[in-house]
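Work through these exercises with the sequence and the structure side by side. Each task is followed by a solution in steps.

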Amino acid sequence: MCQLTQDIGRPIAVLMTRRGLVQEVIVGTDLTLSPTTLAKFRVGPRSLRGLRLIRTQLHDQPLSQESLTDLAFLRLDLIGTLSLSPGGNPGNLYLAHLLPSDGTGQLCKILKAVPFHQCSMAFDSFTAELEAEVQSARGHHTVRDGTESAMLVSASPESRAEQEDRLVELAELANSAEVTVIDRMVQRTADGHQRYLLGGGKLKEVLIQTLHKGADMVIFDQTLSPAQSRAIAEMTDIKVIDRTQLILAIFARRAHSREGKVQVELAQLHYLLPRLSGKGAQLSRLGGGIGTRGPGETKLETDRRRIRDRIGHLERELTHFARHQDQRRARRGRRGLPVMSLVGYTNAGKSTLLNVLTKSHVSAENRVFQTLDTTSRRLRFPQDREVIVTDTVGFIRDLPKELVGAFRTTLEELHEADLLLHVVDASAADIEVQITAVIAILQELNLNNIPRMLVFNKCDRLPTHQIEPLCRRYHAIGISALQPATLRPLLAELEAHVRSLTDGDAGAISSPTREDPLILASRP
Ligand SMILES: Nc1nc2c(ncn2[C@@H]2O[C@H](COP(=O)(O)OP(=O)(O)OP(=O)(O)O)[C@@H](O)[C@H]2O)c(=O)[nH]1
Ligand SMILES: [Mg+2]
């Protein structure tokens, strides 16, 4: 190699396997590897690529920053530069290798330069040991067997603080999908219309950190356009998904009823369809989502047409469900019972409230999107008045449009409500954001002409002196679903409303809520 370099006056690089088989020879300074090589030697989480790169250089100098970036980004076993001594003989050898993630942030180690003929490194045993260390290193994170881990990334023009707030919510979503968060990265970008959502160099940095920390995937808080998804998949082997896919994955896990499953699969297919022009391997990463749920790899081998057919089939199935729902509603309507629907941000405590109001046992847990299916229960007031209380899927800001579309039938039930109880987690840090997000979705669903009552839940978590002023500011009724005694004012309010409905006296909602712009006393 040194002789040839001397002859042609340009550096030469060879890329070889652990057994010493040369895979590529690159002449010149541009070290871009061919996609065929990269596809043949894929790098998984916590592994090295199984390739080492040795190149010559005309002048004796240490490894460049670019070489070290290549080492980290390509996860090479080892990188080395061999300098030419005068006369074209091998001179100094500069070597560097990756380091296992140990929490120090140190990515790689540069070895002391040695004259080529004095290099005593046994590559075989060295790489085997290094790979073993890399595989066992997971920093201080414990990731349960069979689950995945992720690096969370936000890249937007919003302030750092705003982005960090959003990442808190993204981490809750990840938690709900049983994905362990390894680390978070925030990047302020000028505008979101880039090839990769964030600059190419920054993306490389994100991917290097993800590989270094041994995370299984990157989750972006922002929606990746189909073009961005494809561009990123071309650049890396790592699974890169966005918030929408994460939410879809949670829904896929939680859907129990046939109807719920159909709705989720529809949403996933609608998300996938525009992203379906990539090649096989990319495609599987795009559609893979989390775990094995969602349209799996085998299904993805089908072409767009088959997916369209499937969408058509599922949509017909949904229409069938919708018809059944109409019948159910008609039955209920005949009984003439008023319907009160619990709506609100996910994890606000809707199911807990339904349970305590109606002495039921629907599942309520500290996990976003616990509820997907609608549940209806009777609530009996003294004087024999009865209402139906329904609990349904929670909302979240920037609810993926694929989901709104797919959950139309579930959400359509809300049109039957005589009153919407908007349940809010009063202890949430971003209560205003959550309220606004819910109202925006209600508007989008054309539900804003149904009378609405604002209920601040989890008041037990607030200092007592804050509860009253907070509720007054928003014209809300404060409760704690965990403390039944606190429900009295709410029950009184509800009963008054029911009386107004059954007695036809629409104005019976008592003050102080009457002037509340959020509460419309009656339907137009
Ligand atoms: N401290 C406190 N916790 C509550 C209260 N109400 C509910 N929670 C807790 O909040 C968590 C979420 O409650 P859920 O009833 O599942 O909330 P949800 O609105 O139905 O949530 P999704 O179905 O995921 O949209 C659970 O861990 C509840 O125990 C409350 O008044 N005080
Ligand atoms: Mg619930």
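**Exercise 1.** Why is helix α3 (residues 65–74) largely enclosed by the rest of the structure?

Solution. 
- Start with the ground rules. This is a predicted model, in which local features need pLDDT of at least 70, side-chain atom pairs count only at pLDDT 80 or more, and totals for chains, interfaces and linings use all residues; side-chain values use heavy atoms, with hydrogens and water left out, residues are numbered from 1 along each chain as its sequence is written, and chains are lettered from A and ligands numbered from 1 in the order in which they are written.
- Helices (H or I, at least four residues) and strands (E, at least two) are DSSP runs, numbered from the N terminus. Buried means under 20% relative accessible area, exposed over 50%, and partly exposed in between, with a 1.4 Å probe and protein chains only.
- Count along the helix. Of the 10 residues of α3, 7 are buried, so the helix is largely enclosed by the rest of the structure.
- Name them. The buried residues are Ser 67, Leu 68, Asp 70, Leu 71, Ala 72, Phe 73 and Leu 74.
- Look just past the end of α3. There Arg 75 takes a positive phi of about 50°.

**Exercise 2.** Which residues are in contact with Ser 67, leaving aside its neighbours within four places in sequence?

Solution. 
- Ser 67 sits in helix α3.
- Check its cover. Ser 67 has a relative accessible area of 4%, so it counts as buried.
- List the partners. Contact means heavy atoms within 4.5 Å. With those neighbours set aside, Ser 67 is in contact with Arg 55 and Ile 79.

**Exercise 3.** Which residues come nearest to ligand 1?

Solution. 
- Set the cut-off. A residue is near a molecule if one of its heavy atoms lies within 4 Å of it.
- Read the shell. There are 23 residues around ligand 1, and Lys 350, Thr 352, Gln 370, Thr 371 and Asp 460 come nearest.
- Find the main contributor. Helix α13 (residues 350–358) gives the most to the shell, with 3 residues.
- Sort by class. Ala, Val, Leu, Ile, Met, Phe, Trp, Tyr, Cys and Pro count as nonpolar, Asp, Glu, Lys and Arg as charged, and the others, Gly among them, as polar. The shell around ligand 1 then has 6 nonpolar, 11 polar and 6 charged residues.

**Exercise 4.** What is the distance from an oxygen atom of ligand 1 to an N or O atom in the side chain of Thr 371?

Solution. 
- Take the side chain of Thr 371. The distance from its N or O atom to an oxygen atom of ligand 1 is 2.7 Å.
- Move to Asn 457. A side-chain N or O atom of Asn 457 is 3.0 Å from an oxygen atom of ligand 1.
- An N or O atom in the backbone of Phe 369 lies 3.0 Å from an oxygen atom of ligand 1.
- Finish with the area. On its own, ligand 1 has 650 Å² of accessible area (Shrake-Rupley method, 1.4 Å probe; for residues, only the protein chains shown count as cover), and the protein covers 91% of it.

**Exercise 5.** Is Lys 458 buried or exposed?

Solution. 
- Locate Lys 458. It is found in the loop between β16 and α17 (464–474).
- Check the backbone. Lys 458 has a positive phi of about 60° although it is not a glycine.
- Decide. The relative accessible area of Lys 458 is 14%, so it is buried.
- Now take Asn 446. It lies in the loop between α16 (431–444) and β16 (452–457), and its phi is near 60°, a positive value in a residue other than glycine.
- Decide again. Asn 446 has a relative accessible area of 53%, so it is exposed.

**Exercise 6.** Where is the pLDDT below 50?

Solution. 
- Begin with the chain. pLDDT is the predictor's confidence in each residue, from 0 to 100. The mean over the protein chain is 85, and 88% of its residues reach 70 or more.
- Go to residues 279–288. Their pLDDT is below 50, and beyond near neighbours in sequence this stretch has 25 contacts in the model.
- Draw the limit. Where pLDDT is low, the predicted coordinates should not be read in detail.

Technical notes: Polar contact = N/O pair within 3.5 Å; in protein donor to acceptor, adjacent residues only side chain to side chain.
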